[in-house]
There are 2 protein chains.
Amino acid sequence: MTKYVYSFGDGAAEGKVDMKNLLGGKGANLAEMCSLGLPVPPGFTITTEVCVNYYAGGKKLPAGVEAEVKKALAAIEKIAGAKFGEVKNPLLVSVRSGARASMPGMMDTVLNLGLNDATVEALAAKTGNPRFAYDSYRRFIQMYSDVVLGIDHYNFEELLESKKSDRGVELDTELTADDLKALVGEYKEKVKQELKKPFPQDVQEQLWGAIMAVFDSWMNARAITYRKLHDIPESWGTAVNVQSMVFGNMGDDCATGVAFTRNPSTGEKAFYGEFLVNAQGEDVVAGIRTPQPLTIKGKEIGGELPSMEEVMPDVYGELVKIYQKLEAHYRDMQDIEFTVQNRKLWMLQTRSGKRTAAASIKIAVDMVAEKLIKREQAIERVDPAALDQLLHPTLDPNAPKTLITRGLPASPGAAAGIVVFSAEEAERRAKEKVILVRVETSPEDIHGMHAAQGILTARGGMTSHAAVVARGMGKPCVSGAGELKIDYAAKIFKAGNKTVKEGDFVTINGGSGEVFLGEVPTVQPQLSGDFATLMGWADEMRTLKVRANAETPLDAKAARRFGAEGIGLCRTEHMFFDTDRIIAMREMIVSETVEKRKEALAKLLPMQRKDFTELFTIMAGLPVTIRLLDPPLHEFLPHSDAEIKEVAKAAGVTSEYVRSRAHALHESNPMLGHRGCRLGITYPEIYEMQARAVFEAASSVAKESKDKVIPEIMIPLVMNSKELEILKRLVDDTAAAVARETGVKIEYLVGTMIELPRAALRAADIARHAEFFSFGTNDLTQTTLGLSRDDAASFIEAYKQKGVLDADPFVTIDQDGVGELIQIAAERGRKARSDIKLGICGEHGGDPASVAFCQKAGLNYVSCSPYRVPIARLAAAQAAIKAKFSKAAAA
Amino acid sequence: MTKYVYSFGDGAAEGKVDMKNLLGGKGANLAEMCSLGLPVPPGFTITTEVCVNYYAGGKKLPAGVEAEVKKALAAIEKIAGAKFGEVKNPLLVSVRSGARASMPGMMDTVLNLGLNDATVEALAAKTGNPRFAYDSYRRFIQMYSDVVLGIDHYNFEELLESKKSDRGVELDTELTADDLKALVGEYKEKVKQELKKPFPQDVQEQLWGAIMAVFDSWMNARAITYRKLHDIPESWGTAVNVQSMVFGNMGDDCATGVAFTRNPSTGEKAFYGEFLVNAQGEDVVAGIRTPQPLTIKGKEIGGELPSMEEVMPDVYGELVKIYQKLEAHYRDMQDIEFTVQNRKLWMLQTRSGKRTAAASIKIAVDMVAEKLIKREQAIERVDPAALDQLLHPTLDPNAPKTLITRGLPASPGAAAGIVVFSAEEAERRAKEKVILVRVETSPEDIHGMHAAQGILTARGGMTSHAAVVARGMGKPCVSGAGELKIDYAAKIFKAGNKTVKEGDFVTINGGSGEVFLGEVPTVQPQLSGDFATLMGWADEMRTLKVRANAETPLDAKAARRFGAEGIGLCRTEHMFFDTDRIIAMREMIVSETVEKRKEALAKLLPMQRKDFTELFTIMAGLPVTIRLLDPPLHEFLPHSDAEIKEVAKAAGVTSEYVRSRAHALHESNPMLGHRGCRLGITYPEIYEMQARAVFEAASSVAKESKDKVIPEIMIPLVMNSKELEILKRLVDDTAAAVARETGVKIEYLVGTMIELPRAALRAADIARHAEFFSFGTNDLTQTTLGLSRDDAASFIEAYKQKGVLDADPFVTIDQDGVGELIQIAAERGRKARSDIKLGICGEHGGDPASVAFCQKAGLNYVSCSPYRVPIARLAAAQAAIKAKFSKAAAA
């Protein structure tokens with residue numbers, strides 16, 4: 001028969017810490033603490049299975065639960081030496097929810113259950129403290145009515161307030177026992193008014209009402225939303241913990257408090273917490289009185305109030321022993337709750353404490369030094385995504401700030417600068433430090449984005465052009481600030497009642513989406529110390545290589561600094577947006593003959609050669625993957641009359657001609673258009689120029705450098721093997737020609753991107769010509785899901801809300817769709833060429849869940865934006881550890 | 001040891017007809033005729049394997065060929081009673097190519113080989129006809145020099161012409177033996193001049209030179225192009241036939257001719273052909289003299305010249321017996337070549353004759369009646385694609401025509417009408433019959449396309465919007481007529497030196513791409529008689545159902561007439577382009593609130609209900625698959641100021657507001673944007689209105705009709721099962737609501753399109769909510785290949801030329817990519833729901849190769865444009881027969 005109820009108390013427990021799935025976090029930890037011999041009020045846990053059955057059976061409890069509860073309650077009575085509902089020596093209990101994962105504040109709790117008009121008198125008599133008894137009763141009526149009977153707590157708070165004002169007092173504690181007794185009468189009257197029946201006096205009715213209410217709270221709106229936000233499955237259900245009450249509110253030798261075994265914000269190894277004398281737990285949270293620090297040291301931050309260390313030195317000493325025992329036992333920083341009843345310490349909760357990224361690193365590294373945990377565990381304890389906080393400058397938390405508006409936190413980090421409204425202006429005033437403000441950005445703005453400290457847009461989501469490019473550049477960006485009204489002509493923007501002119505200072509926080517007026521001071525990140533230690537361990541453990549997506553010297557240097565093992569994606573098109581280059585590029589594009597195109601390409605060749613020379617020099621000794629021109633030509637087209645005139649002049653043709661070419665190159669769906677290797681096939685001279693620039697640069701760097709130059713040429717948007725065959729030949733021929741001319745032979749690879757479903761399916765053919773595959777997961781997501789990254793914003797939110805999508809597939813790889821294609825391609829590619837190198841590049845390369853997928857899919861490397869390289873390194877280490885353990889488990 | 005040479009002659013042969021792969025078509029048929037006891041000059045065939053080895057070995061013949069040829073030549077000598085190169089009784093031979101598939105005129109032939117200065121005299125002496133001998137010798141020198149030595153034939157033709165003018169004669173036959181002898185001298189001199197060495201006198205050198213020349217001709221430019229156009233693999237190679245010469249040019253009791261055993265243009269069962277007295281085969285082809293008819297009956301067409309039946313009645317009689325024997329043996333209409341040498345008939349070739357679509361049907365049906373072939377064979381004999389010729393009106397071949405320009409044959413059929421330049425004008429003047437002329441068309445032009453007789457565009461390929469929509473409508477279309485310069489303002493177009501004004505008559509031939517001035521009379525198609533008989537047999541044999549893509553009553557009626565078994569795709573968006581509807585549609589789109597949208601939808605509901613009522617009435621008893629709104633909303637947006645004003649007025653908002661909404665709805669890649677079920681999820685009221693219209697219409701028709709109404713609701717662009725789950729519930733709820741209101745319960749299906757790679761991969765999940773899958777192969781091709789149908793034109797031609805693509809993937813399903821996804825989806829879908837109905841809709845449904853694929857993939861039906869339904873029916877029958885045979889073969 002299924003066991004539905006697990007008892008604990010008096011140094012023994014039926015449950016233990018690894019039964020969290022069944023008992024919930026709170027229940028499992030209470031049981032564990034009991035078994036450790038810590039002082040835990042006796043109680044029992046009704047399992048999550050009961051909750052699951054409760055919903056499956058149309059909100060009916062499974063048979064047998066009632067009997068088990070009765071038995072478990074009797075066990076509490078025996079230990080506590082009191083009886084539930086008995087008029088002489090009544091037992092009071094708390095009823096609390098406790099799911100598998102912590103869901104703070106999302107579900108319901110009832111304290112002091114078991115009180116009624118009779119037992120309250122018994123409690124008064126037994127404790128000799130009628131004030132305490134009636135204070136507990138009025139708290140119970142309010143909580144129970146709110147949680148179980150559905151009468152809003154403000155009804156009772158109003159009565160309390162008017163009682164206080166009647167009595168001319170300010171604090172609850174100033175009300176007398178008689179005041180409280182009268183208040184209880186008013187509370188009961190209120191209940192009767194609202195429900196047309198009296199407040200339940202039957203303690204069994206109270207108990208079951210509270211248990212059901214906890215189960216019901218699993219499906220309340222707050223809980224549903226919280227689960228959605230934190231990826232907690234509805235199917236888990238919650239457990240219910242029923243526990244003998246202990247009282248922190250019985251007088252001045254009573255107290256209640258919360259503590260962390262280490263500092264959750266810095267990670268410092270110092271006991272840290274707060275307590276309140278003569279209070280119940282809820283009072284600490286509610287902030288009615290200012291809590292006091294636990295330790296004398298804590299007073300440095302906390303102010304003048306006396307610490308627990310001073311007020312109750314003996315109980316404090318006991319607490320210190322317990323927290324040390326708990327940390328040693330759990331081998332992690334604990335977040336604990338306790339109550340002191342008449343100088344006796346009771347433990348009510350322990351769990352792993354939440355902490356900042358910085359704290360998580362320090363605690364993990366310290367605990368390895370303390371031999372509490374192994375390096376693998378240290379790696380697993382740090383959330384890679386949280387590292388983002390550490391890798392960018394952040395706003396000084398103590399500086400005063402004036403919020404203008406909020407947008408999406410599109411690319412983390414903080415930046416301040418003067419407002420400019422065009423890429424040109426951004427470049428012109430770059431020395432003054434600028435924030436580029438646009439309705440939305442397009443590839444033509446890239447030079448301005450490079451020049452700016454940060455980007456702010458009125459339109460576009462987390463995966464808009466501005467967001468993606470800014471993340472790639474490691475620049476802060478706030479996108480989709482819908483409230484912004486930008487007037488390019490007047491050079492101002494408005495948000496609410498604030499108007500900001502060009503040249504005014506603003507500060508953006510790309511980690512929070514906030515936009516502030518003026519220049520808010522920032523704090524620079526520290527990458528040494530514990531961070532460096534942890535990353536070193538990660539590098540030893542991971543099997544996936546980590547490369548960076550970078551094309552500028554600045555990005556390449558950042559990539560090396562962040563530990564990238566090469567460049568996995570150099571998007572050559574980004575090199576063409578500088579003012580002097582874009583004209584030559586446009587000249588090339590508007591040419592209708594091979595000869596004219598070659599003339600324009602000849603102007604671009606020395607520029608490209610210089611780009612690659614710089615990159616190869618910075619990345620000497622590491623591979624540099626260069627993707628030949630990818631985007632549709634129309635992205636480079638001139639738009640304004642001035643631009644058209646400029647190109648016409650450079651190309652020696654009329655403006656009318658340039659305009660008509662621009663029109664002819666327009667595409668309905670450029671993402672699926674004349675781009676990638678399709679350009680290489682139709683205009684081979686473009687790729688030839690690029691290949692020549694690569695090999696000429698490689699030769700010249702190889703002559704100077706002692707480290708090897710390792711170019712890897714990547715052909716984009718291949719859909720069949722013939723395309724690659726043709727273009728590989730072109731690259732090989734160019735390499736051979738340059739080798740003859742320079743006398744330097746460069747070793748290089750030629751590979752392709754797998755970014756179309758067809759390419760994934762035909763991987764076996766394609767691998768015959770490819771020395772590596774790089775999965776272009778951005779495009780592969782677009783084509784597999786038929787979803788344009790630029791256009792998805794209009795419905796992706798609705799999709800998430802309606803549960804159609806769990807996550808933005810441009811942020812985390814869609815494993816069921818895109819993932820299957822990657823696995824198919826990896827398998828077929830390896831079968832055709834066993835030593836083929838497999839990697840991914842694109843936004844997903846820096847997403848921990850996607851990195852874990854790449855490990856599972858057996859890829860060789862991931863490549864991501866420089867600022868996400870540490871995240872990827874850590875995520876890769878975690879994935880490797882997981883793989884090792886599951887391999888060991890399988891064996 | 002491999003056998004490289006196969007001999008034939010004197011009533012026996014080493015080869016036979018089913019050895020075409022090895023012996024080529026000509027060689028296999030010569031061997032077969034020999035074995036049938038027909039008079040065939042003795043000879044031998046060098047196999048295609050030799051050709052393959054020749055190229056594989058760097059143009060070297062495999063060892064052993066020479067010895068086999070020597071032996072085979074000796075066999076000819078024995079039968080012919082003459083010796084190759086012997087001065088007394090010389091054997092002359094022809095050397096001809098002969099590939100597996102017929103490649104008329106693409107490769108080289110040498111006749112009269114074996115002549116030199118000595119053997120020509122012997123030939124003169126033996127035949128007593130020096131004129132004949134020297135005529136043969138001069139023909140040989142010219143042919144051999146042209147084919148083997150690379151001296152262009154015009155060099156010799158010039159000498160011949162000047163000889164004739166010297167002698168004052170007009171015809172070759174008027175030259176004397178001495179004239180010809182002198183000419184031979186001049187020819188040899190010419191060769192010596194060009195090559196700096198004399199014409200080869202060694203007959204062995206001549207023979208091997210000619211054999212190698214035939215092999216070399218396999219890779220000449222003409223042959224390569226022909227193979228590409230006809231999908232003939234290069235790897236097949238060609239065979240070489242060496243055969244004893246017979247002479248049709250030895251005097252007036254000699255002749256040469258070609259014949260078809262039935263009329264290749266009508267299929268009539270009547271012997272049909274031409275011959276020339278005293279000539280060699282080449283003379284018939286060259287058209288130097290007017291050929292004479294074979295039969296007396298043939299004179300009705302051929303003119304006054306005497307027929308062979310009259311001139312050589314005995315030989316004619318023998319020929320008739322032979323052709324009847326051949327037809328009975330091959331059980332197909334034969335195309336034969338013969339030569340008469342001194343009243344003796346020799347057969348030089350037989351093969352299945354090429355024929356028109358009409359003839360192919362008549363012959364196939366007649367031969368079944370004659371018990372020559374079975375119905376299966378009749379079905380297999382007709383090329384489904386050729387039916388296209390028969391299903392559309394065609395231009396009267398006898399009418400005079402003035403060509404204006406040429407474009408692509410985008411949608412077959414002929415149409416005449418006055419030129420209009422806008423969809424509005426087309427609608428206004430529809431009664432006058434109009435041809436809509438546009439630079440290119442877009443969805444806003446659809447009402448004009450409906451109103452027009454035909455469409456002519458200056459831009460866009462075979463798969464452009466104009467082409468696809470026109471084919472869907474069964475309307476003639478010429479697209480991409482690049483020479484057209486359209487001036488919308490002046491309402492004229494120019495092509496070359498011709499100018500056509502609005503209101504002028506033009507005629508387009510969508511089958512050839514031609515555009516003519518004025519109104520050329522047309523001939524209507526006949527769908528009864530043999531056509532109906534054949535289609536009846538096809539219907540009995542096929543297992544794939546055939547449905548039509550149709551939304552208008554006109555199309556639906558056409559679909560039924562052409563034998564469609566239901567509608568497989570009713571694109572509801574096409575119903576919204578009528579002038580009165582588009583305003584309501586636009587009003588709906590620009591609404592920002594659900595309430596406003598519902599108001600506009602309420603105006604559309606009765607119109608949609610009427611559409612479906614008409615469709616259900618026409619298709620009563622057959623299923624009608626209705627696809628809910630699919631395209632991105634921006635396709636409906638107003639563009640011109642007038643349109644914007646109109647919508648603003650209808651919606652009661654400002655023009656400025658409409659303009660800003662239109663701007664907001666703009667998408668970068670609409671094909672991957674906010675469309676399909678994404679609209680249904682975000683604006684459920686749209687799909688709800690459509691579902692309501694369907695069920696209300698179905699109820700009202702069901703009340704009237706004795707036949708069942710069978711709606712199948714199809715949700716487009718699904719990428720995961722959740723989308724379908726949500727929308728199926730919406731459809732089911734609406735159906736239930738209508739059933740309650742009307743009291744009529746309609747049986748219906750809900751299914752989805754599989755048109756995204758992710759949907760194909762997730763077919764198992766999706767099938768849990770789908771009663772059918774319809775593969776939307778247009779979109780599936782776009783996403784799988786990352787290829788926009790609208791934008792591919794700029795490089796797809798280059799891709800075909802460079803061998804990157806074999807066929808346009810929008811015309812024939814890309815089996816290796818898209819096909820694999822279809823197979824994956826079919827398999828996973830069936831596994832999850834064994835009775836799921838699978839079909840395809842889209843352009844591919846009417847392409848025979850794609851239909852064959854659908855049979856192989858195990859689909860239940862194909863759906864195509866009404867005018868392609870008969871093509872699909874026939875293709876489906878062929879696919880079923882093939883499947884039956886390969887199943888039988890496997891068993």
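Buried area is the accessible area, taken with a 1.4 Å probe, that two parts lose on being put together, summed over both. Keep that in mind as we look at how two chains meet in this predicted model, where local features need pLDDT of at least 70, side-chain atom pairs count only at pLDDT 80 or more, and totals for chains, interfaces and linings use all residues. Residues are numbered from 1 along each chain as its sequence is written, chains are lettered from A and ligands numbered from 1 in the order in which they are written, and side-chain values use heavy atoms, leaving out hydrogens and water.

**How the chains meet**

Between chain A and chain B, about 4,300 Å² is buried, and carbon and sulfur atoms give 57% of it. Here 48 residues of chain A are in contact with 48 residues of chain B, contact meaning heavy atoms within 4.5 Å. How are the copies related?

**Salt bridges**

Side chains of opposite charge can pair when their charged atoms come close. A salt bridge is a side-chain nitrogen of Lys or Arg within 4 Å of a carboxyl oxygen of Asp or Glu. The whole structure has 125 of them over all chains, and 6 are counted between chain A and chain B. Here are two examples:

| Pair | Closest N and O atoms |
|---|---|
| Asp814(B) and Arg758(A) | 2.6 Å |
| Lys181(A) and Glu121(A) | 3.6 Å |

Helices are DSSP runs (H or I, at least four residues), numbered from the N terminus.

**A pair of helices**

In chain A, helix α33 (residues 815-832) packs with helix α34 (residues 848-856) at an angle of about 35°, their axes 11 Å apart. Axes are lines fitted to C-alpha atoms over the stretch in contact, and angles run from 0 to 180 degrees between N-to-C directions. Gln815(A), Gly819(A), Ile822(A) and Gln823(A) of α33(A) make the contact with Ala849(A), Phe853(A) and Lys856(A) of α34(A).

Terms used:
Helix = DSSP H or I, 4+ residues; strand = E, 2+ residues; numbered from the N terminus.
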